[in-house]
Structure formats: structure tokens, C-alpha cells
Amino acid sequence: MIQDRLFPATMMPDQDWWHALWPDPDCFVKILGIEQGMMVVDLGCGNGYFTAAIARRVGSGRVAGLDLDPVMLEQAKSACEGMNNCGWLLGDAMELSYLLGAPADYVLIANTFHGAPDKTGLAREVAAVMKPGGRFAIVNWYPLPREETTVLGQPRGPKTEMRMSPEQTRTVVEPAGFTLDKLVELPPYHYGAIFTNSSQ
């Protein structure tokens with residue numbers, strides 16, 4: 001069953017609060033350093049909210065949206081309707097190296113890394129599909145108490161104990177062959193940890 005394979009506390013949020021939290025997805029992908037011509041993987045793409053913004057950003061490049069949930073993947077396809085630089089992968093993020101047919105310049109995972117049971121293992125899967133010098137961006141909630149991270153008046157995000165500081169994220173990702181390049185602020189509650197592939 002799909003539910004048994006989903007990372008804990010990583011369900012796709014309602015569209016209304018998703019938009020309230022991230023009102024400008026195009027600015028979001030620009031801040032993360034996604035550029036024209038890149039081959040980008042949106043890992044756990046959900047309903048395609050960021051996938052569409054990535055597609056607009058990369059232009060002549062490509063974006064591959066991967067999700068385990070076929071319903072979410074259909075929503076992502078709809079979000080990117082009319083864009084000819086998108087591809088779709090139905091499957092488990094822990095099998096990325098088997099699913100992706102071309103090496104990536106950039107892999108983004110937003111709001112789901114905290115739920116990966118084997119975080120270093122997932123980072124190794126990402127490293128396996130990377131071009132030399134490729135980048136891996138992890139967007140995480142800061143480790144604030146959940147009751148303090150409200151969206152549209154309600155506490156949102158993963159349980160407090162599941163949240164990861166930038167240092168905790170670095171500690172589990174760098175053993176997979178990455179080096180932390182920079183941290184970017186993604187107000188009000190998130191940061192982006194951008195790693196460079198140093199294993200090839």
C-alpha cells in the first residue's frame with residue numbers, strides 16, 4: 001500500500017494554506033539557485049506547486065517530478081499543463097537512482113526530508129543521480145514548536161520532535177558525499193540547505 005511507504009508527517013497540505021505559506025513559488029525557486037537550462041528533480045513533487053515554478057525557471061532545461069502517490073502526480077501534471085519541459089516519475093524516492101534516466105544538475109526536496117526513515121540513505125540515492133558538482137536543496141521547517149508555526153490561524157507542519165535544525169540536516173547529508181554550500185532563509189518558518197555533490 002502507498003500509505004505504508006509514505007514518509008511520516010509528509011502529507012500534501014491543503015492548497016489554500018500552501019499558497020498562504022508560499023505565495024510566490026517563482027521567487028522561491030529563484031532564491032534556491034535553480035537556473036535556466038538545468039535538469040532538476042522535484043523529489044516528492046506532490047501537486048506540482050513547485051514543479052510548475054521550476055519548469056518556468058529552467059526554460060530550455062527539464063524538470064522531473066517524482067511522487068509515490070498517483071493522485072498527486074496527476075494533479076502535478078495538471079499544474080504543469082502546456083509546459084513541454086516536464087517529465088513524471090511514479091515511484092519511491094528511495095529508488096530514485098533506478099527511476100531517473102538522466103543525470104541531474106539539481107534535486108529539490110521540500111517539506112518531506114524530515115520524514116525519511118533513512119535520511120543518509122536518501123541522500124545517497126540523490127548523490128547517485130547527480131552530475132559532478134550538482135546541487136541538492138532541502139527545504140525544512142525550523143525546529144520551532146509546532147504551535148508557533150501557524151498558517152491561516154492553525155498550527156501547521158510536522159510534529160515538533162520531527163523538525164531538524166540546519167546542523168542536524170548537514171550531519172545526515174554530508175556522509176552521503178555532499179558539502180553544505182549555503183543556507184538560505186525562507187520566511188516565515190523554513191530554511192533551505194543547499195549542498196554540493198562532492199563525491200564524484
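The legends below describe close-up views of a predicted model.

**View 1**
Seven strands make up an open sheet: 7 strands in the order β3-β2-β1-β4-β5-β9-β8, with mixed pairing. The edges are formed by β3 (86-90) and β8 (178-186); each has a single partner strand, so one side of each is left without a neighbour in the sheet. From one strand to the next, the twist averages 20°. In general, strands of a sheet pair through backbone hydrogen bonds, in a parallel or an antiparallel manner. Helix α7 (residues 119-128) lies across β1 (39-43), β4 (104-110), β5 (130-141), β8 and β9. Relative to β5, helix α7 runs at about 145°.

**View 2**
Strands β8 and β9 form a hairpin, with 3 residues between them. The two strands run antiparallel and are joined by 8 bridges, β9 comprising residues 190-197. P188 is located in the loop between β8 and β9. The peptide bond that joins P187 and P188 is cis, with omega at about 5°. Most peptide bonds, by contrast, are trans.

**View 1. The largest nonpolar core around F28.**
The largest nonpolar core comprises 31 residues, and W22, F28, L32, Y106 and L108 have the most contacts inside it. At least two residues of this core come from each of α2 (15-21), α3 (25-31), α4 (49-58), β4, β5 and β8. Helix α4 gives the most, namely 7 residues. Beyond its neighbours within four places in sequence, F28 is in contact with W22, F50, L108, V139 and L186. Another core, of 29 residues, lies apart from the largest one and includes V41, L66, L96 and F195. Nonpolar side chains tend to be buried together in soluble globular proteins.

**View 2. The enclosed helix α4.**
Of the 10 residues of α4, 8 are buried, so this helix is largely enclosed by the rest of the structure. The buried residues of α4 are Y49, F50, T51, A52, A53, I54, A55 and V58. Helix α4 is followed by G59, which has a positive phi near 60°.

In helix α5 (residues 70-79), the residues M72, L73 and A76 are buried. These residues cover an arc of only 100° around the axis, and therefore lie on the same side of α5. Strands β2 (62-67) and β3 are included in what covers the buried residues of α5. The face turned away from this buried side carries the exposed residues V71 and S78. At the start of α5, the backbone nitrogen of V71 has a side-chain oxygen of D69 within 2.9 Å.

R170 is part of helix α8 (residues 166-173) and is partly exposed, with a relative accessible area of 26%. The side chains of R170 and E174 are joined by a polar contact of 2.6 Å. Not counting residues up to four places away in sequence, R170 touches P175, L180 and F195. F195 is also among the residues of the core of 29 residues. The C-alpha atoms of R170 and D105 are separated by 20 Å, with the two residues 65 residues apart along the chain.

**View 3. E95 and E125.**
E95 is found in the loop between β3 and α6 (96-99). With a relative accessibility of 36%, E95 counts as partly exposed. E95 and E125 are 30 residues apart along the chain, and their C-alpha atoms are separated by 7.0 Å.

Most residues other than glycine have a negative phi. N111 is not a glycine, yet its phi is positive, at about 65°. This residue, N111, is found in the loop between β4 and α7 and counts as buried at 9% relative accessibility. L152, also a residue other than glycine, has a positive phi near 50°. L152 lies in the loop between β6 (150-151) and β7 (154-155) and is exposed, with a relative accessible area of 56%.

Technical notes. Residues are numbered from 1 along each chain as its sequence is written. This is a predicted model: local features need pLDDT of at least 70, side-chain atom pairs count only at pLDDT 80 or more; totals for chains, interfaces and linings use all residues. Side-chain values use heavy atoms; hydrogens and water are left out. Two strands pair if DSSP finds at least two bridges between them. Helices (H or I, at least four residues) and strands (E, at least two) are DSSP runs, numbered from the N terminus. Axes are lines fitted to C-alpha atoms, for helices over the stretch in contact, and angles run from 0 to 180 degrees between N-to-C directions. Contact means heavy atoms within 4.5 Å. A nonpolar core is a set of buried Ala, Val, Leu, Ile, Met, Phe, Trp, Tyr and Cys residues joined through side-chain atoms within 4.5 Å. Buried means under 20% relative accessible area, exposed over 50%, partly exposed in between (1.4 Å probe, protein chains only). The arc is that of the directions from the helix axis to the C-beta atoms. A polar contact is a pair of N or O atoms within 3.5 Å; within protein, one must be able to donate a hydrogen and the other to accept it, and residues adjacent in sequence count only if both atoms are side-chain atoms.
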